[in-house]
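Hi there,

Here is the structure I promised to pass on. Please have a look at it, and then read my notes below.

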Amino acid sequence: MSACVEPGDELAAAAAHAAAQAESGKQPHEAKASRPKLKKYGLRTLALLFLLNLIDEFDRAVLAVALDDIRSEFGLSDAAVGLLPAAVIFITGIIALPAGNWSDRGSRKKILGAGAIVWGTAGLFAAMAQNFAQLFATRALLGFGQGTIGPTHLSILSDTYPQSVRGRVLGYHRSANPAGQVLGALIGGLIIGAFGWRWGFVAAAIPGLVLAGVALWLLREPERGEADLQQFVDGNPMISAFLAEPSDRLTFRQSLGRIWSNRTLRYCIFANATFGFALFGLVFFLPTYFERMYDMTVEEAGAIQALIALGTFVGTWLGGPLADRNLTKGFGALCRYGWYAALILAVSWPLAFAIPVAGVTITLLAVSSFLASLAVPGVVAVIAAAAPPRIRSQAFSCFGLALSVCGAASAPILIGLMSDALQRNGVSDADALRWSMCGLVAVVMALGTFLIVQASRHAEADVDATITEFLESYTPAPG
């Protein structure tokens with residue numbers, strides 16, 4: 001004789017079963033048998049956000065290629081010109097915090113569309129700047145728009161695509177950053193060499209404005225946590241009730257408190273700052289370094305930067321499928337790949353600058369960028385899994401804040417200050433830049449290795465606790 005099962009009891013049983021699977025660290029049988037294809041969940045959202053992310057990085061690469069021309073035109077020191085990339089990155093990180101809270105409480109599609117319009121417009125203003133103060137102001141304004149990218153993009157992707165494909169999704173999205181560096185360095189280098197640095201900013205701004213309109217028109221706004229249970233209860237008609245938007249929104253302060261109390265999130269966020277320093281902040285000075293050290297032209301230096309960024313792109317692109325394949329090994333394993341990556345950068349990048357041979361420098365930077373980037377999607381997937389859905393945007397905003405402010409924004413400032421100090425003590429401008437990058441990246445990536453090792457020790461327990469809390473939060477309606 002079979003008992004009558006109420007709908008609420010059935011859903012609660014499904015949730016309990018999924019929680020037990022999550023707690024044991026196992027995926028459902030179907031997920032193990034074959035990895036689902038991305039097209040099952042649609043590619044439009046990923047494609048739109050990939051392109052927006054690419055154009056954002058295109059602008060930064062243009063600035064890197066144009067940096068020495070801007071320095072010459074306005075008569076700036078290395079420390080002063082280093083403030084230009086720092087301005088946009090710093091503001092991007094600061095705005096990411098409130099943008100994360102807005103994204104957890106409002107329409108992420110509208111927020112990212114408005115942000116793209118702001119940074120596209122700021123790019124056009126940058127092309128018209130007549131002095132350093134005006135250019136600095138336009139870069140800061142651009143940061144207000146770009147600060148919406150991290151919390152909105154990563155949250156929408158995490159709520160659109162389930163855990164079984166999330167490594168690929170987040171990896172492909174992240175690969176847009178080095179892809180933008182490749183295109184920005186190549187195309188930007190050609191445009192700047194032919195028409196000047198102002199037209200490079202125009203080339204980056206117009207596509208951003210066009211894509212902002214396309215995103216507002218075509219992008220779908222998923223419900224919070226929509227994809228998290230899909231692999232467990234796919235096809236269950238009652239899932240919409242379980243995944244209903246929470247009625248109680250956490251405040252900005254409460255969200256930060258939850259993030260800080262999660263050890264995996266805390267260590268990964270600070271480790272991300274060190275990756276930001278090396279892979280995003282330090283590269284602003286790479287074209288200038290090759291121009292000074294090896295008398296390269298703007299186009300040649302841009303091509304070298306594009307080659308190095310290409311290694312980062314290929315590694316990040318391939319790292320997504322790698323993360324999904326290794327998901328059954330646990331989130332601790334994904335973090336361990338992260339600290340292998342940090343260790344590679346801690347050793348190879350200082351060597352690249354310590355050995356003043358162009359071929360050696362380029363090879364070490366490109367190969368190590370590729371190897372280190374293989375681990376990046378896995379670390380981002382750990383953030384997505386460890387953060388509760390209701391504060392996932394805020395978690396990604398903290399992740400981006402660390403990368404931007406503590407890492408990428410601080411790199412050009414610190415490198416510029418150290419380079420100027422060495423030049424005042426009689427070191428040539430090329431060697432001053434070389435030893436500044438060599439010493440700083442060694443210290444920063446050694447710290448990054450330590451932080452990601454700590455994250456790997458807590459990842460399994462913290463992810464299991466987050467999943468279990470989410471699944472068990474369901475309370476069947478009375479009656």
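Predicted model: local features only at pLDDT ≥ 70, side-chain atom pairs only at ≥ 80, totals over all residues.

Let me start with the helices. The axes of α8 (residues 149–160) and α9 (residues 163–195) come within 10 Å and cross at roughly 155°. Angles over 145 degrees count as roughly antiparallel, and α8 and α9 are therefore roughly antiparallel to each other. Their crossing is right-handed. On the α8 side the contact is made by H153, L154, L157 and S158, and on the α9 side by R166, V169, L170 and H173. Sorted by class, this contact has four nonpolar, three polar and one charged residues.

Next, the aromatics. The count comes to 13 aromatic pairs. One of them is F132 with F136, a tilted pair at 6.2 Å centre to centre with 40° between the planes. Both residues lie in helix α7 (residues 132–146), four residues apart, or about one turn of the helix. F132 is partly exposed at 21% relative accessibility, and F136 is partly exposed at 32%.

F313 and W317 also form a tilted pair, at 5.8 Å centre to centre and 40° between the planes. These two sit four residues apart in helix α16. Together with F50 and Y172, they form one aromatic cluster.

Finally, a backbone detail. Most residues other than glycine have a negative phi. D295, however, has a positive phi, near 55°. D295 is in the loop between α15 (286–294) and α16 (298–325), and it is exposed, with a relative accessible area of 67%.

Best wishes

Methods. Residues numbered from 1 in each chain as written. Heavy atoms only, no water. Axes fitted to C-alpha atoms, helices over the stretch in contact; angles between N-to-C directions. Parallel < 35°, antiparallel > 145°, perpendicular 65-115°, else oblique. Left-handed = near helix turned anticlockwise from the far one by under 90°. Contact = heavy atoms within 4.5 Å. Nonpolar A, V, L, I, M, F, W, Y, C, P; charged D, E, K, R; others polar. Buried < 20%, exposed > 50% of the residue type's maximum accessible area, 1.4 Å probe, protein only. Phe/Tyr/Trp six-rings, centres within 6.5 Å; stacked < 30°, edge-to-face > 60°.
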